[in-house]
Amino acid sequence: MDHWKRVNNPYDDDKVIAACSLFGMMDTSGRRFSGGDIITAIANMHERGNGLGGGFAVYGLYPQYAEHYAFHVMYLNEAARREAESLLEDGFRVALAEPVPTRKIRAIENSPLVWRYFLEVRIQDRQTLSHDDYVLDKVMRINTGVRDAFVFSSGKDMAVFKGVGYPEDIANYFRLEEYQGYLWTAHGRFPTNTPGWWGGAHPFNILDWTVNHNGELSSYGTNRRYLEMFGYHCTMQTDTEVIAYAVDLLMRRHKLPTEVVADILAAPLWSQIEREDEEKATLHTTLRQVYGSLLLNGPFTVVIAHQGEMIGLTDRIRLRPLTAATKGHMLFLSSEESAIRLVCPQLDRAWNPMGGEPIVGSLERPLGKWEPVAVKEATT
Amino acid sequence: MKSYLPPRFVIDRDAERCIACQVCVRQCSFDAHAYDEEENEIRSYEENCVGCHRCSVFCPTQALNIRLNPLSYRPNVNWRPEFIEDIIRQSEGGGVLLTGMGNDKPYRVYWDHLVLNASQVTNPSIDPLREPMELRTFLGRKPDRVELDPASLSLKTQLAPQVAIELPVLFSAMSYGAVSLNVQESLARAATEAGTLFNIGEGGLHQNLYKYANNVIVQVASGRFGVHPQYLDVARFIEIKIGQGAKPGIGGHLPGGKVSEDVAETRMIPAGTDALSPAPQHDIYSIEDLAQLIYALKEATNYTKPVCVKIAAVHNSAAIASGMVRAGADIIALDGLRGATGAAPKMIRDNVGIPIELAIASVDTRLREEGIRNQASIIAAGGFRNSADIVKAVALGADAVYIATAALIALGCTVCQQCPTGKCAWGIATTDPILSKRVNPDIGARRLVNLLRGWSLEIKEMLGGMGINALESLRGNRLHLRGVDLTDGELDVLGVRLAGR
């Protein structure tokens, strides 16, 4: 069980601390586009990382296998692959198994094997669990039970590509310019220690949720202990992990909508709640009373994505940067505006969202008809 | 009988400064000073001095200094002066040794071995003078989740009653009789002004205090003094008192001499009779009995307010607390080894119970392991001395703390431990109408509000330093604590790493 901890946090610090660059772009009409632009954009924020982690999440990636769980799995050796594959074959019908195509480049050394699998849950196996919980259980088993194997991603029609290196090198290594998707997020990392472990790079994934995170949660201990009450074990000891679990708990298990989740993770201040109308004030007060332990405190910007939706959010006093921009159906989120302008000079609009204000791009609410900002009163 | 007890204190009276004004004579309620008319001099009766400093604070010419009596016994690790004098006292009076205030023995004070974190480089500290900093805390039962109507997104979940406090500090139970009405009124006004609550203790709620009812916690203790429908109806929450940190496992005894007409009316007992609180609540001999009382009180108040259960922190607190939550307690109050009292047998006060730090940690951990931590708030009590202790308690897992000794010190108390004598020279632990006037509720409330304000500013500074702007992000956040000079076993119970790790 402690395996991840040993590789991800070899010094056994409270948590792995990292800062970074974030970028996200989504075509809310669902049109798929190549990774070329996001690679250019994230490379422009090279200075925000230190070459110890880079990664991408892509949605709408595998339309030919849209109904299959797409597993991207990293192995440090062939033995780990054989062991993990026997677990996968036990639990799933494997439609396709193949190495993820890469190209040899000088910047990436000591790369692990990365394989991808398109899997179907066998009905007789899943018993009473939902498909998602079944998959989650299998992922946890590989990650905690198989030494030297780690599941990068396990959602449908999406995948995570990540590793140790600058994000542009990781993109080059995984030949990302050859892929198409309607939603891309990217991350360049600046960890303060040097685990040098591919699994520790962002995006962090659970089912089809991905989290890119810039910041350090001073509430980590509280968040983590609260999530433990609901059966989440934060084995990787990163604050990104608690964000992912918090989102999973609130959105998937408690079925709360994005705006409400943002009001929990970056809760409105009491001084603001006191000015709201009664219904809203009651809702916000109740959320803070019940989910106070999931308030994310300390500086953060996150770009969270799942099938059909991309969310940008900062902490409520906005201690980390986030710029949002729109162009037609496109929504951009970035640590720096310059990175957006580099790939799309003529924007309809570019702005810095308020602290705690979620920016949401959704296939269900394409831009043009809908605003990317959830209806939320501006903090003054 | 000639007493063999040596004076505990020496009264230094500077003859050059003393103007024989007799302030000390009038201030001392223990008769340690007397005026000699013939010689026009003040005499000292040091055997009566309790070291409360009332005289020296009020001496207009600073002629008085009170020192420990340097009288030495032959050194003996086993037969220390305290034990020798306890035996002298008992051989002269018989009976149980009575004392007041909290345990004064050198048990480890874990607060002094826990240090807090601060942000450097990777995480900006937050300046509370320029940024919002939230201490508001809600006490009461919280559900596992919030449910919204899927269509309208309106709130479906209705929470059990919650009580908001503006800083994580409440005034702990001090009953009328144990302290004067002026003390209770000072606490009441201060709680009202500071946005917190005061606990009226087990002696009933005096008519004059009903105007502060919005900030009152009422107790239902084993003596059931002063419990009637209105008493329950006005309270913000009700506390069932099972035990007290200063005297776990035993009851209380307010001597008839302290039961004035006024105290008697408030307690609903005849004047001049002893007010006896039995050791257990005689309708609670087990956990299901507690559940019945909790729900009887909830029924009686139509489920409009939380019910708290207060226990002394003892060896099995974690398991007991878990049972209390399952029995329906919305708040649990834990009173530790150093919790104070108006009167307790010295042997009990000094030898029974466990330190509050360890109790908070083990109860919080157990409730989390069982997935029920959100179902009850934890109030910790027992010797909190300053705002840093409080921040550490919250980081260990408490929602808020009770203070009593600290509040009394703000009113003048010097922890001289003479509470059971009823002669408190500071007018605090007494029902004597003359002495009671020494606490003026206007001034008392001001001093208490000042204290709470100071602590709340300090708490905000410490939170900001840790990069936290809402207290709820510190609750149970033990990663912000490190231990210094603690054993592995102690660190394990506290759930805290050694400093440097």
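## Chain B as a whole

Within chain B, 68% of the contacts with a separation of 6 or more are made by residues 24 or more positions apart. The structure described here is a predicted model. Buried residues account for 52% of the 501 residues in chain B.

Chain B contains 15 helices and 21 strands. Its radius of gyration is 24 Å, close to the 23 Å that the globule rule gives for 501 residues, so chain B is as compact as a globular protein of that length. Along the principal axes, the C-alpha atoms of chain B fill a box of roughly 95 × 60 × 45 Å.

## The two domains of chain B

Chain B is divided into domain 1, residues 9-95, and domain 2, residues 137-498. The centres of these two domains of chain B, taken over C-alpha atoms, are separated by 35 Å. Nine residues from domain 1 of chain B and seven residues from domain 2 of chain B take part in the contact between them. On the side of domain 1 of chain B that touches domain 2, there are four nonpolar residues, four polar residues and one charged residue.

## Where the chains meet

How many residues of chain B are in contact with chain A? There are 36 of them, and they are in contact with 35 residues of chain A. On the side of chain B that touches chain A, 14 residues are nonpolar, twelve are polar and ten are charged.

## A covered strand in chain A

Strand β3 of chain A spans residues 54-59 and is mostly covered, with six of its six residues buried. In a regular strand, side chains alternate between the two faces of the sheet. In β3(A), A:G54, A:F56 and A:V58 point one way, while A:G55, A:A57 and A:Y59 point the other way, and all are buried.

Which strands pair with β3(A)? One of them is β8 of chain A (residues 158-163), which pairs with β3(A) in the antiparallel sense over six bridges. Here A:F56 stands opposite A:F161 in β8(A). Another is β10 of chain A (residues 183-191), also antiparallel to β3(A) and paired over six bridges. In β10(A), A:T185 is the bridge partner of A:A57.

## An open sheet in chain A

Four strands of chain A form an open sheet in the order β5-β6-β4-β7, with antiparallel pairing. Strands β5 (92-99) and β7 (149-153) of chain A stand at the edges with a single partner strand each, so one side of each is left without a neighbour in the sheet. On average, neighbouring strands of this sheet are turned by 30 degrees against each other, direction ignored.

Helix α5 of chain A (residues 131-145) lies across β4 (69-75), β6 and β7 of chain A, and runs at about 145 degrees to β7(A).

## A covered helix in chain A

Helix α9 of chain A, residues 258-265, is mostly covered, since six of its eight residues are buried. These buried residues are A:V260, A:V261, A:A262, A:D263, A:I264 and A:L265. Among the elements that cover the buried residues of α9(A) are α8 (239-253), α11 (278-291) and β14 (309-314) of chain A.

Conventions:
Residues numbered from 1 in each chain as written. Chains lettered and ligands numbered in written order. Predicted model: local features only at pLDDT ≥ 70, side-chain atom pairs only at ≥ 80, totals over all residues. Buried ≥ 20, exposed ≤ 12 C-beta atoms within 10 Å, placed from the backbone. Helix = DSSP H or I, 4+ residues; strand = E, 2+ residues; numbered from the N terminus. Pairing = 2+ DSSP bridges. Axes fitted to C-alpha atoms, helices over the stretch in contact; angles between N-to-C directions. Contact = placed C-beta atoms within 7 Å. Nonpolar A, V, L, I, M, F, W, Y, C, P; charged D, E, K, R; others polar. Domains from an automatic or database assignment. Rg over C-alpha atoms; globule rule 2.2 N^0.38 Å.
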